[in-house]
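Please have the sequence and the structure open while reading.

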Amino acid sequence: MSAIRRLRALIAEPRTLAFVDQCIVSCSNFLVMLIIGRRLPAAEFGFFTLAMLAILFVSNLHRALLTQPLNVLGPRDSETTLGSRLAVLLGAHAVVVPVSIVIVVALSIKFFPQGHLVLGACIYLTFFFLQETLRRYWYTVERLRLAVLSDLISYGGQMVVLAIAGLYFTIDGEGSFLIMAAASLVATVVSLRLAGPLRFGARATARTIVVEHWQMSRWLLLTVFALWGSSQLYPFLIASLGPASIALFAVSRNLLNVMNVVVQSVLNYLPTRATALLRQQGEGEFRRHLARTLVLTGLGSVVFVLAMQVLAYPVLHVLYRGAYDAAVPVLRMLSAGMAFSLAGAVLGSYSLAMHDSRSTFLANLGSSVFTFTGGLWLIHAHGIYGAAIAACLSLAVAAALQGGFVMVRLNRLAKHEPARHAGTSTQATPVVQGKS
């Protein structure tokens, strides 16, 4: 019985639930893209991939504006203030969603000029934004079981429906987006019912919330643009090679979503956990926790990269029935880039815990400089394979710069901490653990 109790306790831990939740998201995303990639011709799949990337771009903006500040600022709120914060964020979608749709439509004119595909993409992003905001709210209030439920409905639901629909109907890009939108809508309705009545509170409170978010979001927004310049922009940069080449690049990235289980779990859980750790136990334990996390994730990354060098061909050949065997070199190179992506996510999470969102922007800005210099040269010289090499190097530059900024910030923190604790006991004062 003691073993069963320990197993239940382990499953109930926030970090375990966060990992399970991200497994649902990443595995469902992988299978959805696999199903669509197997059903659509290569050129159509290339256009669908660019539409998904456009949604990913605006969702990154959405996260920087609304949900990432919620995860960092929310744990210190009272119950009333946190409820007001959620209400304000949901109300902000009346502005955020139309602006996001304009951005997607503008990108479609150049990269995926298919009206029905764009319409489906815009409907999907509307409900996806609402569902994602509520999902992040469950992390903030440490109700991760509800985050898991929401993602089972949304991500799991769209995967199951697409798989069944693919057996009996012809799936196109627009229909795929509409199925995904329906699943997000159901998850949103369920989460709203579970969240209970929402109150905006006093106008002054709403104004304070907006100002708090903006103080953090202004750097996070710049970071999004820098991040896309550093690594995410490559499918658009190779658009001149044709949609079939984009599809080759896309199937490689889709297989690497396996690693995104870890990367996104870090981004979901670690900033809030590290913030609480720094507040409770101080700079010394915070530094040790960072070192342990880097060692563990580094070892895991090495194993993953080595495995992909061996398994790239058989995995691609089996999953896509030989249609994308030419992507093997791309997949092998991009797998190395995922190791640098994980390192950057870990370092960026600890920077955010130190209320330093600027360094992540600067690290990715430096990487963007490489993208538009060395990266463009590699694409021009070596085509899609040059793009894979460039994407890997861009992530390496960003991780190296982020690591340097973290060390500088830690050294400053170490100098200020003795003065902050002068006249108090050396024992850290217990406080309520930050919500994840």
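## Helix packing and salt bridges

Helix α6 (residues 115–140) packs against α8 at an angle of about 25°, and their axes are 8 Å apart. Axes are lines fitted to C-alpha atoms, for helices over the stretch in contact, and angles run from 0 to 180 degrees between N-to-C directions. Helices here are DSSP runs (H or I, at least four residues), numbered from the N terminus. The angle therefore makes α6 roughly parallel to α8; the term covers angles under 35 degrees, while those over 145 count as roughly antiparallel. The contact of α6 with α8 has 19 nonpolar, seven polar and one charged residue. In this scheme Ala, Val, Leu, Ile, Met, Phe, Trp, Tyr, Cys and Pro are nonpolar, Asp, Glu, Lys and Arg are charged, and the others, Gly among them, are polar.

The model is predicted: local features need pLDDT of at least 70, side-chain atom pairs count only at pLDDT 80 or more, and totals for chains, interfaces and linings use all residues. Residues are numbered from 1 along each chain as its sequence is written, and side-chain values use heavy atoms, with hydrogens and water left out.

Helix α7 (residues 144–168) also packs against helix α8 (residues 173–195), at about 155° and with the axes 9 Å apart. This angle makes α7 roughly antiparallel to α8. Residues of α7 in the contact (heavy atoms within 4.5 Å) include L146, I153 and L162, and those of α8 include I179, V186 and L194. By class, the contact of α7 with α8 has 13 nonpolar, seven polar and no charged residues.

There are seven salt bridges in the count. A salt bridge is a side-chain nitrogen of Lys or Arg within 4 Å of a carboxyl oxygen of Asp or Glu. Three of them are listed here.

| Pair | Closest N to O |
|---|---|
| E285 and R288 | 3.3 Å |
| E285 and R292 | 3.1 Å |

D151 lies in helix α7 and R135 in helix α6, 16 residues apart. Are these two residues buried or exposed? D151 is buried at 0% relative accessibility, and R135 is buried at 2%. Buried means under 20% relative accessible area, exposed over 50%, and partly exposed in between (1.4 Å probe, protein chains only). D151 and R135 also belong to a network of salt bridges with D21, E132 and R136.

E285 and R288 both lie in helix α12 (residues 257–319), three residues apart, about one turn of the helix. E285 is buried, with 18% relative accessible area. R288 is partly exposed at 48%, and R292 is partly exposed at 43%.

Notes:
Helix = DSSP H or I, 4+ residues; strand = E, 2+ residues; numbered from the N terminus. Parallel < 35°, antiparallel > 145°, perpendicular 65-115°, else oblique.
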